[in-house]
Structures are given as structure tokens and as C-alpha cells.
Amino acid sequence: MSVVIITVGLFCIGLYGVLTRRDLVAILASVEIMLGSATLLLVGLAAAGAPLGAHEGAVEATGVMVIVLAAAEAAVGLALVISVARRFKTTRVDELTEVKG
Amino acid sequence: MSLASIVFAVLGVVAVAGGITTVFARDVTRMAIGLGAFLLAVAGFFVYWGATFLGVVQLFVYIGGVLVLMIFAIMLVHRSPEGSPELESRHDVAAIAVAGGLFFLVVTSLRGAVPDSVDQGISSGTAELTDAFLGPMLTHFEMGGVLLLAVLVAVVVILGGDER
């Protein structure tokens with residue numbers, strides 16, 4: 001049960017960061033925390049003996065897939081952040097209002 | 001108190017402290033260090049549970065790749081003459097309510113999913129992982145490769161467009 005409390009707590013810390021941070025890089029860092037804690041919960045539940053995955057190695061394989069997806073997300077996200085910083089000279093989400101209706 | 005539970009507690013404390021530092025730090029460098037501590041603790045958890053390969057991949061990809069990429073982005077974006085800038089947050093009751101409410105909901109709904117048995121760890125090793133990737137999860141594996149190629153092209157398109 002401590003596994004669930006730690007990982008879900010970490011996920012909610014990351015969620016709080018996404019909701020309250022005002023800088024794009026800091027928001028991306030909080031998203032990384034959410035992704036990492038979700039993988040942690042999956043592996044932790046499997047290690048505790050929960051019946052996950054149809055075949056052996058499925059949990060680890062899913063974990064590797066999540067890491068690959070997170071790396072891809074970080075690469076595209078940071079490229080967009082750098083592009084935004086070049087164009088608008090800021091990464092504060094409050095000041096990026098050009099497409100706001 | 002056994003050695004295993006001490007290791008678990010230390011990893012948990014490092015992970016939570018790193019997460020809190022990442023979310024609350026006002027200094028960019030402290031945020032990056034907090035994220036590094038969190039990712040390191042996650043890799044430690046993987047090794048602790050017996051998913052050694054996953055721990056090594058986490059170390060390589062996250063700490064060697066994503067964290068360095070993030071520090072590079074911070075260095076490129078936050079260039080100001082007056083020292084390192086302060087990261088602002090807008091703390092309010094609604095964000096605390098959403099995060100706390102989600103914590104309560106997920107923990108209570110997952111209570112039944114956690115088996116009462118003692119930690120047995122992940123029994124499968126690298127051989128089972130390879131079998132999974134070249135067998136039932138082959139499509140995932142191939143899609144991962146396609147995704148990484150698409151990401152590579154996308155990053156070049158996003159960043160290389162206005163260089164002329």
C-alpha cells in the first residue's frame with residue numbers, strides 16, 4: 001500500500017506543478033514527474049504480485065515503451081519551448097496570449 | 001526493520017523530496033537538480049523491484065538524455081543579464097483541491113488492486129523482455145521506432161525553419 005501512496009502522491013505533486021507553474025520549462029519538468037510516477041506505480045504493483053500483463057516481460061516492456069514516449073515528448077516539447085522563446089522572447093505562459101480568443 | 005525496507009524508505013524520501021523541489025523551487029538550477037534526484041530515485045526503485053533493465057534504461061534515457069536536454073533548454077531560454085531568473089508559481093486553493101482530491105480518489109480506488117502478499121519483485125529478466133518485444137509486443141516496438149523517427153524529423157522542422 002505504501003507503493004500506491006508514494007507513487008500517487010508523486011503524480012499529484014507533478015499535477016500540482018503543472019497547474020501552478022508559470023514557466024514552460026517548469027511545466028515540462030512537472031509532466032516528467034507525472035510520467036515517471038505512473039511507470040513507478042505499474043512496476044511497483046507488478047512487483048507486489050498484482051496480476052498485470054498477459055505474458056512474462058509485459059510489464060517491463062510497457063515500462064520501456066513509456067520511457068521512449070517520455071523521451072519523445074521531452075524532445076518535441078523542449079523544441080517547441082525554444083521555438084516559442086525565440087519568437088516571443090518569453091516562456092511565461094501568462095504572456096503568451098497571441099492566439100487567445 | 002530490515003535493510004530492504006530502509007532502502008525503500010530512503011528511495012521514497014529522495015523521490016518525494018526531488019518532486020517537491022522540482023515543483024516548488026524558485027531557482028532554475030535547483031529545479032533541474034530536484035528533477036535529477038527524482039529520476040535517480042525512480043531508477044533506484046526499478047532496481048529495488050528487480051526490473052534491472054528498466055532501471056538502466058531509465059538512467060541512460062532520463063538522466064543521460066532528457067535531463068541534459070532540459071538543462072540545455074534552460075541555458076538557451078533563460079539567458080538574462082541579471083543572474084538566474086526566478087520561476088514563478090501561482091499557488092491557489094483550486095490547484096491544491098484538484099491535486100489532493102485526485103490523490104484521495106486514486107488511493108481509495110486502488111486499495112483493492114494491491115495484493116496483500118509480500119514483495120516478490122519482478123521475476124522476468126532481459127530474456128523475457130526480448131521475447132515480449134519480438135513476440136506479442138512487436139507492433140509496439142516497431143511503432144516506437146517510427147515515433148522516434150517522426151520526433152527526430154519534427155524537432156528539425158520546428159527548430160530549423162527560421163534559420164535562413
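This is a predicted model: local features need pLDDT of at least 70, side-chain atom pairs count only at pLDDT 80 or more; totals for chains, interfaces and linings use all residues.
1. A definition to start with: two residues are in contact if their C-beta atoms, placed from the backbone, lie within 7 Å.

2. Next, the core. The largest nonpolar core has 69 residues, and those with the most contacts inside it are A:Val25, A:Val43, B:Val42 and B:Met70. Two or more residues each come from helix H1 (2–20), helix H2 (24–47) and helix H3 (58–88) of chain A, and also from helix H1 (3–24), helix H2 (28–48), helix H3 (52–77) and helix H5 (126–134) of chain B. The largest share, 13 residues, comes from H2(A). Within chain B, domain 1 (1–87) and domain 2 (123–164) each supply at least three residues to this core.

3. A:Val25 deserves a look of its own. Leaving aside neighbours within four places in sequence, A:Val25 is in contact with A:Val81 and A:Thr91 in chain A, and with B:Met70, B:Ala73, B:Ile74 and B:Val77 in chain B. One of these partners, B:Met70, is also listed among the residues with the most contacts inside the core.

4. How do H2(A) and H3(A) pack? Their axes come within 10 Å and cross at roughly 180°. Angles over 145 degrees count as roughly antiparallel, so H2(A) is roughly antiparallel to H3(A). From H2(A), the contact includes A:Leu24, A:Val25, A:Leu28, A:Glu32 and A:Val43; from H3(A), the residues include A:Val59, A:Gly63, A:Ala70, A:Gly77 and A:Val81. The residues of this helix pair's contact divide into 14 nonpolar, 4 polar and 1 charged.

5. Finally, chain B as a whole. Its secondary structure comes to 6 helices and 0 strands, and from the N terminus on the elements run α-α-α-α-α-α. Of the 164 residues of chain B, 27% count as buried. Among contacts in chain B between residues at least 6 apart in sequence, 54% join residues at least 24 apart.

Key. Residues are numbered from 1 along each chain as its sequence is written. Chains are lettered from A and ligands numbered from 1 in the order in which they are written. A nonpolar core is a set of buried Ala, Val, Leu, Ile, Met, Phe, Trp, Tyr and Cys residues joined through C-beta atoms within 7 Å. A residue is buried if 20 or more other C-beta atoms lie within 10 Å of its own, exposed if 12 or fewer, and partly exposed in between; C-beta atoms are placed from the backbone. Helices (H or I, at least four residues) and strands (E, at least two) are DSSP runs, numbered from the N terminus. Domain bounds come from an automatic or database domain assignment. Axes are lines fitted to C-alpha atoms, for helices over the stretch in contact, and angles run from 0 to 180 degrees between N-to-C directions. Angles under 35 degrees count as roughly parallel, over 145 as roughly antiparallel, 65 to 115 as roughly perpendicular and the rest as oblique. Ala, Val, Leu, Ile, Met, Phe, Trp, Tyr, Cys and Pro count as nonpolar, Asp, Glu, Lys and Arg as charged, and the others, Gly among them, as polar.
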